[in-house]
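Me: I'd like to talk through this one with you, starting with a strand and then moving to the core and the surface.

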Amino acid sequence: MTDAPASGPMHPVLPHPDCQDDPALREAQEQRLRAVWKKPTGWRYFSAVNNDTVGVWYILTAFGFFAFAGILALLMRVQLALPDNDFLSMSLYNQLFTMHGTMMMFLFAVPIFEAVSILLLPELLGARDLPFPRLSAFGYWCFAIGGTFVAGSVFFDAAPSSGWFMYPPLTSEPHLTGIGADIWLLGLSFIEVASIAAAVELIVGVLKCRPPGMRLNLMPLYCWYILVVAGMILFAFPPLIAGDLLLEMERAFDWPFFDTTRGGDPILWQHLFWIFGHPEVYIVFLPSIAIIASLVPTFARVPMVGHSWIVLSAVGTAFLSFGLWAHHMYATGLPNISLGFFSAASEAVAIPTGVQIFCFIATLLVGKVKRSVPMLFAMGGIAIFVAGGLTGVMVALPGFDWQAHDSYFIVAHLHFTLIGGVVFPLLAGLYYWFPFQTDKLLSERLGRWAFWLMFVGFNVTFLPMHLTGLLGMPRRVWTYPAELGWDTLNLVSSAGAFVIAAGFALIVLDVFRPKGRQPLAPRNPWGSPGIEWSAAVPGESWGARCVPIVTSRYPLWEQKDLVREIDEGRFYLPDAEEGQREMLVSDILDAEPTQVQRVPGPTYKTLLAAALLGACFIFGTYKLWWLTGLCAAGTVAAIIWWLWTGTSQIPEKPEKAAGRGLTLPLYASGTRSVGWWAMFITMIGDFSAFVGLVFAYFFFWTRHEAFPAADAGRPDLRLLVTGLALILAAWALMELIRRRHAAGGIAWARWGCPLAALLGLAGAAAFAGALWSAGLEPTRHVYDATCWVLVLWLGAHVSVGAIMQLYCAAGSWAGRMTPRYDADLHNVELYWNFMAATALCSFALLGLFPLTAGGP
């Protein structure tokens, strides 16, 4: 029997000796797949790394934080229901509103999109798993440990109380804020590790793990949105990491980045925070719109209208979102030209957003819509979000914003955009994909009750807040006197909040009610065109029975017999002959298969590494520096152990038959390797954080008449030149080692890598010596502190690079890295390319700029 023809040179019409019409053979293949992809049970369940288990953990934990934050919101609404209320103390109320915002934004909105994507993406791509399952598990444990640490602080009267935005100088004095601000700064920095890890996993997954035939223009819209949003994370989160570093250095070591008496400026924090904060609105909004983009064609029964326009609009929204941050800062005294620019950009972002909404409406108009609970939540969410967008256009105008700023009008606008743009679409996705994960449908009747309770309750809660704000009620107040006329509106809002809670409680009841007697859902119960619905019922532990050929945007509608052929294993990797977890890697543009990648199985190493890293941040919060250093060393050791036993394996044979007559290599290095792309993407994010520190330097330069001052010490130029030369020598040596090693020069790796490590470390020491010899004292002035933080950043990264170089040398001595199997060396070479760029930028700032001791 032969295959139906498919497009592209890699998919010939060939017989299937490995997939003949033999039920016994197919059953044997499935048994081997079950054995290989079997999920651990008992205590070993927590060692799981497969995407569906980690994704479910992520979702349950994120919704747990969401429910906790919602309970805090109800407590706040009880406090505000009546004037002069004393239900909560002022201190506790401040902690609750800080934790409510922090958990909703950092512990729910971003993690839930990553969780859903980790769960769904392999199935959307017809893949077995994501390329780095242990990285996903590591990210989850970082999120769970860090989130528990931050959220749990409220039970010990130690929660932060300065707002989820942590503005200095309210947060820069430890004796005024206590330990709460440190918990926020270090706890969320730890959680951001999980966000970056998930972004790397998702980007590489979308680019390199698509099924054969799924060119970029054929990707599902959900995958496009995830690619865009994960890319946004790489540029939005790092500036906040840089800001966290600066603020914690001031709190812990008295470095004056935000102390105006020593040259600092608290406005810098607002810039760094909102460079993250406003793109984050779209980071959480676009994945929810992606859910709606998956639902609309399914229930309209027609392909999406304007598919390409939606993709371009998503990219445009992402691009414009990075030019809006200062519209949160209109009240800080920005110059008029800045007000005009950011106001225009804030208005312009409505255009690509509107294009996406109108494409959804057009699709519903040309189709015949099937009514369902998922569509109720989707359309309700769009209606609420559009209303929030209209108020967003209003506050984008400086004149109106000056009147409404920091009032309850802004609270209403924020919740209309976030609940309408995030929560309602997520609940639509919950009802839509629940049978995909559990093989059971949720209750239609309970779902409709839940929707109307939440929709009505939401509007009862937040519509009055617009008027409350216009009447002058400021946000973040603990109580208010009766004579101001806010009491009735607040009572109505408080009542509506409990109606929302009732609707959410119904959903929780529906999800967790026993369903043992409920029949299994039919396969693809919604008639969706997405390939994820090709999964068998009941589901199996692998992502796909075999990796299919996809030649359409709507494969289950347009590729006849696709489901049957997947079930029969008529595509790629239908078996697990060697007992290994395997997945297909493809090229970025045309999705032509390039490699069979083997991924590691369950392990506790990721949990150990995350626990040690979490302990490092937690001990740092309490200034237990020797324990912090001990845990940091333990984290490095755990990660090396994880990598040594998980990814540095040389396969028993160079290639294998992947099916359909195609033979693919089992190992890849350089740009053909998923590891190389992961390193590249990680370093893009890392370099973005460094750019945040560079931004701080230039910000201070623009704020001072002379920066550095004429009497300030300047770093020793000779030592800076020496340090730069040594680091560039380490970089150049790594380039030479990689080339000579590929030509068979094993000794180059064994002896050259340690030499390169020594050169790099000596260069970092020379940079530090240049500051030390000049008498720069980081507690004296912000110029000194800024120079030192740049050098410390460079030194820390050079140290990490040195560990990588020693790892390569050890791999060569152990026979785990050879001229043919040299992916580690390619990855470390790439890392040092970024180190060379970091050293050049640091040298230019410290040694050459400004050429004279004068400001702008």
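Me: Is strand β1 mostly covered or mostly uncovered?
Reply: In this predicted model, strand β1, which spans residues 582-586, is mostly covered, with 5 of its 5 residues buried.

Me: Which residues point which way from β1?
Reply: E582, L584 and S586 point one way, while M583 and V585 point the other way, and all of them are buried. In a regular strand the side chains alternate between the two faces of the sheet.

Me: What does β1 pair with, and how many bridges are there?
Reply: Strand β2, residues 593-598, is joined to β1 by 5 bridges, and the two run antiparallel. V585 has Q595 as its bridge partner in β2. The two strands form a hairpin with 6 residues between them, and A591 in the turn has a positive phi of about 60°.

Me: Changing topic, how many residues are in the largest nonpolar core?
Reply: That core has 268 residues, and those with the most contacts inside it are Y225, F257, F360 and F377. Its largest share, 22 residues, comes from helix α8, residues 267-300. There is also a second, separate core of 8 residues, which includes L33, W37, M583 and V599.

Me: What does F377 touch?
Reply: Not counting residues up to four places away in sequence, the residues that F377 touches include F424, P425, L427, Y431 and F451, as well as M454 and I507.

Note on methods
Residues are numbered from 1 along each chain as its sequence is written. This is a predicted model: local features need pLDDT of at least 70, side-chain atom pairs count only at pLDDT 80 or more; totals for chains, interfaces and linings use all residues. Side-chain values use heavy atoms; hydrogens and water are left out. A nonpolar core is a set of buried Ala, Val, Leu, Ile, Met, Phe, Trp, Tyr and Cys residues joined through side-chain atoms within 4.5 Å. Buried means under 20% relative accessible area, exposed over 50%, partly exposed in between (1.4 Å probe, protein chains only). Helices (H or I, at least four residues) and strands (E, at least two) are DSSP runs, numbered from the N terminus. Contact means heavy atoms within 4.5 Å. Two strands pair if DSSP finds at least two bridges between them.
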